[in-house]
Amino acid sequence: MRIFGVLILVFGLSACSKNNSTDAAQFTTGGFASLKADGTIDVDLTDRTDGIYIDGNGQGFSYVLGLSGPNLVAFAAQGPWQPAVAPPTTGNIRFQTQYAVAAYANVTVIETGGVYNVQGIKKRQNGTLVLDADLLNGTVAGKDENLSVSATISGTDLKGAVSYLGMTGDLQGRISEDVVQGAFSGEMGADVFAGGFRGEAISE
């Protein structure tokens with residue numbers, strides 16, 4: 001299965017001078033936000049990193065990391081897909097998903113002439129993650145060496161938590177008996193991340 005969609009990266013780094021001030025990065029508000037028609041997340045940020053992974057059926061996710069003033073923020077959003085029917089309430093489904101994540105880790109914020117930019121590690125990662133849905137217990141879970149997902153099912157909705165490289169975040173998603181998608185964002189101290197996954201049911 002191939003990761004789908006388009007990834008847009010906008011990295012802006014300002015050159016340092018003796019008039020620049022360097023501040024420790026701080027996480028402020030973030031979480032989930034609405035999508036624009038082009039699939040980008042509708043928030044006003046500078047020095048932003050956008051990832052758009054939404055297919056022609058509206059399935060998938062988008063994320064954005066960037067600066068709101070001098071502060072780091074991370075947002076994610078699901079694609080507009082709405083399952084026509086909820087999955088069964090008994091049995092098990094295994095999904096093979098593709099995920100994408102971006103993170104700012106160990107960064108500082110540089111101010112030059114009133115303009116803020118991120119300086120430090122900007123990481124992005126794609127991977128494959130198997131998620132197992134236990135329909136009787138209403139849970140979805142899976143992990144690899146980088147990403148861990150744990151969610152509960154309510155009708156066609158998913159809600160839960162993720163862990164990425166030691167950082168924790170919140171998850172929202174949707175599920176049918178054929179497809180699952182999710183979007184997530186989180187932080188730990190001055191590090192932030194956001195991403196999502198989308199996949200299809202496979203035979204066990």
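Reader: What makes β12 and strand β13 (residues 179–188) a pair?

Author: Two strands pair if DSSP finds at least two bridges between them. β12 and β13 have eight bridges, in the antiparallel sense, and therefore they meet the definition of a pair. I175 stands opposite V180 in β13. The two strands form a hairpin with three residues between them. The model is predicted: local features need pLDDT of at least 70 and side-chain atom pairs count only at pLDDT 80 or more, whereas totals for chains, interfaces and linings use all residues. Residues are numbered from 1 along each chain as its sequence is written, and side-chain values use heavy atoms, with hydrogens and water left out.

Reader: How do you know that strand β11 (residues 157–164) is joined to strand β12 (residues 167–175)?

Author: Eight bridges join β11 to β12, and the strands run antiparallel. S163 has T168 in β12 as its bridge partner. These strands form a hairpin with two residues between them, and L165 in the turn has a positive phi of about 50 degrees.

Reader: How many strands does the chain have?

Author: The chain has 14 strands and zero helices. Strands are DSSP runs of E with at least two residues, helices are runs of H or I with at least four residues, and both are numbered from the N terminus.

Reader: Why is Q59 called buried?

Author: Buried means under 20% relative accessible area, exposed over 50%, and partly exposed in between, with a 1.4 Å probe and protein chains only. Q59 has a relative accessible area of 8%, so this residue is buried. Q59 is found in the loop between β4 (46–54) and β5 (60–68). In the chain, buried residues make up 48% of the 204 residues.

Reader: What makes the approach of Q59 to R198 a polar contact?

Author: A polar contact is a pair of N or O atoms within 3.5 Å; within protein, one must be able to donate a hydrogen and the other to accept it, and residues adjacent in sequence count only if both atoms are side-chain atoms. The side chains of Q59 and R198 make such a contact at 2.6 Å.

Reader: Are D47 and N106 buried or exposed?

Author: D47 has a relative accessible area of 10%, so D47 is buried. N106 has a relative accessible area of 60%, so N106 is exposed. D47 lies in strand β4, and N106 lies in strand β7. Phi is positive in both: near 45 degrees for D47 and near 55 degrees for N106. Most residues other than glycine have a negative phi.

Reader: What makes a set of residues a nonpolar core?

Author: A nonpolar core is a set of buried Ala, Val, Leu, Ile, Met, Phe, Trp, Tyr and Cys residues joined through side-chain atoms within 4.5 Å. The largest such core has 24 residues, of which L131, L147, V149, I175, F184, F193 and F197 touch the most other members. The largest share of this core, five residues, comes from β7. A second, separate core of 17 residues includes F61, A76, A183 and V192.

Reader: Which residues does V149 touch?

Author: Contact means heavy atoms within 4.5 Å. Not counting residues up to four places away in sequence, V149 touches several residues, among them L129, L131, A161, L171 and F197.
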